[in-house]
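Dear colleague,

Please find below the structure I promised to pass on to you.

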Amino acid sequence: MEKKMLERLIRIANCLRQAENGWLWPTEIANRVGLHRRTVTRLIETHLVNFVDEQKLEPSNIRMLKLKPTADMTSILKFLSVKEKISRAVGGRR
C-alpha cells in the first residue's frame, strides 16, 4: 500500500472518529479531509467497509456513514497492515 493512500485512509478514519457517532455523508467527509468525494467513497468501500456503518436514505439514495462503535484506530491500522502483507504474499498491489 502506498504511503499516500495510507495517509488518506487515516485522515478519513480520523474524520469519522471525530464525528463522535454522528452520521456524515461522503461529501462532508471529503470536504473535511480535502479529498474528492469519489476518492473518499472508493477508499471506504475498498479498505474500511468492515469499520463503517452505512445507511441509505431512500428514495433520494443519499448515503450516510459513521464509524462503528467497536472500531478504533489501532484495529484499523492492524487490519490494513495484515491486508498489505497478504497482498504482498499473493503478489498484488492492493
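Predicted model: local features only at pLDDT ≥ 70, side-chain atom pairs only at ≥ 80, totals over all residues.

The core

The largest nonpolar core has 23 residues, and the members that touch the most others are I12, I29, V40, I44, L48 and I76. Two or more residues are given to this core by each of α1 (3-18), α2 (26-33), α3 (37-48), β2 (62-67) and α4 (73-90). The largest share is that of α1, which supplies five residues.

Apart from neighbours within four places in sequence, I44 is in contact with I12, I29, V49, V52 and L65.

Helix α3

The buried residues in α3 include T39, V40, T41, L43, I44, H47 and L48. Which elements cover them? Among those that do are α1, α2, β1, β2 and α4. As a general point, an α-helix has 3.6 residues a turn, so residues three or four places apart point the same way.

The two strands

Strand β1, residues 52-57, pairs with β2 in the antiparallel sense, and the pairing runs over six bridges. As for burial, β2 is mostly covered, with five of its six residues buried. In general, the side chains of a regular strand alternate between the two faces of the sheet.

The hairpin loop

Four residues lie between the strands in the hairpin of β1 and β2. P59 is located in the loop between β1 and β2, and the peptide bond from E58 to P59 is cis, with omega near 0°. N61 is found in the loop between β1 and β2 as well. N61 is not a glycine, yet it has a positive phi of about 65°. For context, most residues other than glycine have a negative phi, and most peptide bonds are trans. N61 counts as partly exposed because its relative accessibility is 49%, and the cut-off for exposed is over 50%.

The surface patch

W25, L57 and I62 form a nonpolar patch on the surface, and together they have about 270 Å² of accessible area. I62 lies in strand β2. Is I62 buried, partly exposed or exposed? With a relative accessible area of 39%, I62 is partly exposed.

The loop between α1 and α2

A19 is found in the loop between α1 and α2. Its relative accessible area is 19%, so A19 is buried, given that buried means under 20%. The C-alpha atoms of A19 and R37 are separated by 17 Å, and these two residues are 18 residues apart along the chain.

With kind regards

Methods:
Residues numbered from 1 in each chain as written. Heavy atoms only, no water. Core = buried A, V, L, I, M, F, W, Y, C linked by side-chain atoms within 4.5 Å. Buried < 20%, exposed > 50% of the residue type's maximum accessible area, 1.4 Å probe, protein only. Contact = heavy atoms within 4.5 Å. Pairing = 2+ DSSP bridges. Patch = residues over 30% accessible without salt bridge, like charges linked within 9 Å, V, L, I, M, F, W, Y side chains within 5 Å. Areas by Shrake-Rupley, 256 points an atom, 1.4 Å probe, with all protein chains shown as cover. Salt bridge = Lys/Arg side-chain N within 4 Å of Asp/Glu carboxyl O.
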